[in-house]
Amino acid sequence: MAILPILEFPDERLRKKAKPVATVDAATRQLIDDLLETMYAAPGIGLAANQVNVQQRIIVLDVSEEKNAPLALINPELLDKQGQEESDEGCLSVPGVYEKVRRAEKIRVRALDREGGALEFDAEGLLAVCIQHEIDHLEGKLFVDYLSPLKRQLARKKVRKEQRQRATQPEPTRLRGVA
């Protein structure tokens, strides 16, 4: 498994629409494992393949408190949306920015699992928000697209400031023989 670099807003590669996965195979499962490792290390509760510059329709999620309930969805699609709710959202590709976004309260989802088996289920609450957020990524859409132009510009400035700060911080040194 590997931790993959996460693209950050306003990187244009985040705007690419991901392509459907034709065959679920060992390479697909390896990508899912890498996505999960990357998501947990970030730390986050969801990650889409195109956030790591892999243009495939795969998302991973884990909204459990214990971080022990990973879910991988291949070629996910929303079949139904009901109600509306507004909640704070953040994104691994827009670090440090949290804003209120309005989404469907309940959804019905169809996808393939990590073995290629068909799934169809209902979701609500945080899981529904997370699935909608990650499916947006697959469409080349970011949560900041739901914000006003002013808030979107402020988010862009905040991400660039964080990037500059990270660039000026020295890398931690490692002692020989110490992991």
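**Note on salt bridges and strand pairing**

1. Let us start with Glu99, which is partly exposed at a relative accessible area of 21%. On the scale used here, buried means under 20% relative accessible area, exposed means over 50%, and partly exposed lies in between (1.4 Å probe, protein chains only). Please keep in mind that this is a predicted model, where local features need pLDDT of at least 70, side-chain atom pairs count only at pLDDT 80 or more, and totals for chains, interfaces and linings use all residues. Residues are numbered from 1 along each chain as its sequence is written, and side-chain values use heavy atoms, with hydrogens and water left out.

2. The partner of Glu99 is Lys151: the two form a salt bridge, with the closest N and O atoms 3.3 Å apart. Lys151 lies in helix α3 and Glu99 in strand β5, so this pair ties together parts that are 52 residues apart in sequence. Helices (H or I, at least four residues) and strands (E, at least two) are DSSP runs, numbered from the N terminus. Lys151 counts as partly exposed, at 40% relative accessibility.

3. A salt bridge here is a side-chain nitrogen of Lys or Arg within 4 Å of a carboxyl oxygen of Asp or Glu. This rule gives a count of 17 salt bridges. Glu77, Arg108, Arg110, Glu120 and Asp122 are linked in a network of them.

4. Next, have a look at Arg57 and Glu139, whose side chains meet in a salt bridge (2.9 Å, N to O). Arg57 sits in the loop between β1 (46-48) and β2 (58-61), and Glu139 in the loop between α2 (125-138) and α3 (149-168), 82 residues apart. Arg57 counts as buried at 10% relative accessibility, while Glu139 counts as partly exposed at 35%.

5. Lys100 and Asp88 also meet through their side chains in a salt bridge (3.6 Å, N to O). Lys100 belongs to strand β5 (residues 94-103) and Asp88 to strand β4 (residues 85-91), 12 residues apart. At 48% relative accessibility Lys100 counts as partly exposed; Asp88, at 53%, counts as exposed.

6. Finally, strand β2 deserves a look. Ile58 and Val60 point one way from β2, Ile59 and Leu61 point the other way, and all are buried. Strands β1 and β2 run antiparallel and are joined by three bridges, with Leu47 opposite Val60 in β2. Strand β3 (residues 71-82) pairs with β2 in the antiparallel sense over four bridges, and Ile58 stands opposite Ile74 in β3. Two strands pair if DSSP finds at least two bridges between them.
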